[in-house]
Amino acid sequence: MMAATTFVLDVLVTLVLSGYLLYHYGDWMRHRVAVTVAVLIAWYFSFMIIFVLPLDVSSTAYRQCVNASLAEAALPNASADSLTTPDPNIITERDIRLSRGDSSTHPPQSSTDSLTQALAHQIHCQPPYSLLAPAVLPDLWKVVYWNSQLLTWLILPLMQSYTLAGEFTPSGKLRSALWDNMIYYTSLLFIALILFVYIALQPDLDLNWERLKAIASSASNTWGLCVLVLMLGYGLIEVPRNLWKFTQKGYQLNRAYFKVAKLMTERTDAEESLDDALATLHAVGQIIGQNDLRRPFVDTIMAKVPIEMMEKIQRRRTEVAFNNDPPDEKTLTKLHRQVMFSLQNHHRTEAQWTDMTNQVFELEDINRNMISNEHVFKHTLSPAPKAILARTVFTPKIEWYWKCLLMPLILRFAAGLAVVMSAIILWSEITFFSKSPPLSLLAVFVKLAMRSYNYFAIEIICFVSICYLCLCAYYTIFKIRVLNYYYLAKNHQSDEYTLLFSGALLCRLTPPLCLNFLSLIHMDSHVIQSQIMETAYTQIMGHMDVISIVSDYFNIYFPIALLALSLCTYFSVGARFLSALGFQQFLNQDSELTLEMVEEGKEHIKREKRRIQRLQESASRRRDFRERFADPEMGSSGTDRSDSGSVNNRFRSKDIVKSGPFRQASSPERSLLANQHYPNIHNSPSRELGGGSASYSIDRVDLVSPMTETIDLNSPLDIPDTPSLRSEVPKNIFDDL
């Protein structure tokens with residue numbers, strides 16, 4: 001009962017964790033249902049391996065103990081005619097029952113059974129509390145592993161291409177996705193053909209279904225191990241180093257300014273690319289009339305563009321040169337793909353900008369409050385309103401002690417633990433092929449726990465080690481941007497392509513990562529060259545015995561490359577190389593170019609902060625205006641007024657705030673005033689605004705979108721024209737109505 005409870009609890013916790021992460025990064029209401037389900041299954045299966053594998057290790061340790069004890073007890077007391085020596089790699093359900101002393105289910109029927117039962121009383125192996133039936137874990141690993149492989153190599157790549165296909169029908173999108181993945185599948189088939197030819201030339205090898213599955217798993221594990229070594233070589237160094245640098249607020253702030261300056265360039269490029277695509281779309285919409293057969297295609301493209309973006313392009317009156325003939329369906333397909341890619345790239349850069357500016361604001365507030373003698377945390381911008389319980393517990397004074405005193409200490413302690421874990425894993429990766437004496441520290445820890453039958457300690461060691469390995473490997477996936485091609489943004493801002501890409505990568509990396517961990521703890525007989533009972537996970541994953549080069553050399557010695565990659569990461573060899581090629585990296589704070597970019601980032605942050613403050617003040621004034629004139633019986637001074645001017649003012653105020661559920665706001669101010677959802681509103685907690693004698697709360701707006709530029713009606717008009725602050729001055733307050 002205890003084993004079933006533990007197993008079910010692990011499965012449920014994994015499901016909750018996967019669902020929460022997908023909810024945090026994705027948008028269930030905006031994304032396709034098929035994409036959400038596929039990503040959830042991919043993340044769920046990957047995380048399930050991490051949570052359930054320690055149970056498999058503890059059960060295998062127990063079965064190894066039972067087999068070893070049976071073999072030692074049977075050999076000196078039994079003859080060859082009366083008892084056959086048990087295979088150390090095989091254990092039956094009857095052996096487990098005998099080791100537990102349970103003889104009621106299968107009573108002895110012969111002298112052999114009686115002898116085996118008598119030998120079982122000499123076994124001192126204690127069963128773990130999480131011991132499951134022998135068939136549970138193999139069946140689970142079959143479902144998890146092969147479905148993960150199907151997702152990562154076939155379904156998710158097709159869905160990635162499908163999301164960006166420019167065709168207008170599902171069948172056309174599917175054909176386009178298959179064509180886009182043709183090179184990818186052709187390369188896989190070419191590699192498989194080489195393996196088949198190699199096996200066919202071996203006289204002692206024959207092809208069957210089991211060997212085909214071994215070839216497939218070997219190829220997938222080899223590819224995953226290559227990528228895993230690259231990511232671990234980076235993560236094992238960067239995770240502890242970044243934890244330590246997080247405590248150095250001055251360094252972190254300058255680095256954040258540097259990133260803001262670099263991100264501004266990418267943001268500008270994304271804006272220009274989107275403007276070009278929308279200008280072309282606007283021109284096509286004017287060429288193709290309402291009665292044209294191709295008009296539904298144009299309407300399909302325009303439906304994916306927010307209204308305020310198209311209105312801005314229309315106000316520019318940009319002309320795009322076309323040939324005499326109107327664009328055909330093929331041209332519209334290319335335009336459709338270009339618009340979707342530009343919108344996705346623009347949304348990605350805006351999400352990065354929002355995350356980065358929020359991080360800079362937080363670092364600036366922490367640096368400013370560090371030197372405060374009042375020990376009360378004060379925000380530059382209005383803080384988000386909290387619940388009553390949160391306001392009572394997490395007061396500004398407690399917030400100061402947490403962010404300015406306790407958090408740096410906790411981060412330093414976590415950095416020290418991360419350094420120890422990275423050193424243990426690096427040493428184990430380099431020396432795990434040595435069985436006698438065992439040099440892998442993880443293998444030594446597990447063996448010590450096995451000798452004392454401390455299965456709980458075994459599971460804790462395995463779980464902590466696997467989690468840290470996954471943290472270092474997944475750190476690259478969740479934090480590092482690959483050529484700005486994808487970015488996992490929090491607060492439901494990640495796009496479908498990024499979620500599918502991350503799901504496919506997790507499915508490819510997690511199985512070889514766990515297989516590599518089993519090698520570190522000497523649970524893989526083909527690595528340590530010893531006849532021991534293996535885990536159910538290893539039996540399903542298979543071994544790389546089909547190709548001798550891979551099994552004898554690559555799978556064992558390639559992880560040694562972790563040491564070289566870790567040294568390169570520690571000395572920032574890759575960053576220095578990119579800096580030499582012209583891609584500026586944050587290496588030396590005192591270099592001239594770095595200082596220039598830091599100053600540039602400071603200017604961008606100052607403009608962004610002024611812009612947020614103007615929006616907050618403007619929204620506050622409009623809320624005051626609405627409250628003053630919303631009551632038809634009360635005037636601005638609180639007295640009863642019924643003159644025509646007051647009535648007109650009241651009707652105008654109602655028109656200003658009027659917004660139904662199906663009417664889209666055309667400016668952030670109006671959306672703030674109407675308290676309705678706006679496509680470019682950032683989904684973060686609302687902020688309190690102080691305006692006049694009252695205090696208000698508004699949603700945090702994505703204030704950086706180039707398509708939702710705003711103007712403060714009471715601000716001076718001599719505002720410098722900068723990429724982050726461009727506006728159009730209306731003739732009066734009612735122009736946008």
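Let's start at Asp 56, which touches Leu 137, Trp 141, Thr 535, Ala 536 and Tyr 537, leaving aside residues up to four places away in sequence. Keep in mind as you look around that this is a predicted model.

Asp 56 is part of helix H2, which covers residues 33–74. The residue is buried, yet has no salt bridge. Its nearest side chain of opposite charge belongs to Arg 63, 5.8 Å away; a salt bridge would call for a nitrogen within 4 Å of a carboxyl oxygen. One of the residues touching Asp 56 is Ala 536, and the backbone nitrogen of Ala 536 lies 3.2 Å from a polar atom of the Asp 56 side chain.

Now to the aromatic residues. How many aromatic pairs does the structure hold? There are 14. One of them joins Phe 168 and Phe 297: the ring centres are 4.5 Å apart and the planes meet at 15 degrees, so this pair is stacked. The two partners come from distant parts of the chain, 129 residues apart. Phe 168 sits in the loop between helix H5 (136–163) and helix H6 (170–180), while Phe 297 belongs to helix H10 (residues 295–303).

Elsewhere, Tyr 251, Phe 258 and Phe 586 come together as one aromatic cluster.

| Arginine | Ring | Distance to ring centre |
|---|---|---|
| Arg 412 | Trp 244 | 5.9 Å |
| Arg 508 | Trp 153 | 4.4 Å |

Arg 412 lies over the face of Trp 244, and the charged end of Arg 508 sits over the ring of Trp 153.

Technical notes:
Residues are numbered from 1 along each chain as its sequence is written. This is a predicted model: local features need pLDDT of at least 70, side-chain atom pairs count only at pLDDT 80 or more; totals for chains, interfaces and linings use all residues. Side-chain values use heavy atoms; hydrogens and water are left out. Helices (H or I, at least four residues) and strands (E, at least two) are DSSP runs, numbered from the N terminus. Buried means under 20% relative accessible area, exposed over 50%, partly exposed in between (1.4 Å probe, protein chains only). Lys and Arg count as positive and Asp and Glu as negative; His and the chain ends are not counted. A polar contact is a pair of N or O atoms within 3.5 Å; within protein, one must be able to donate a hydrogen and the other to accept it, and residues adjacent in sequence count only if both atoms are side-chain atoms. Contact means heavy atoms within 4.5 Å. Rings of Phe, Tyr and Trp (its six-membered ring) pair if their centres lie within 6.5 Å; planes under 30 degrees apart count as stacked, over 60 as edge-to-face and the rest as tilted. A charge sits over a ring if NZ of Lys or CZ of Arg is within 6 Å of the ring centre and within 35 degrees of the ring normal.
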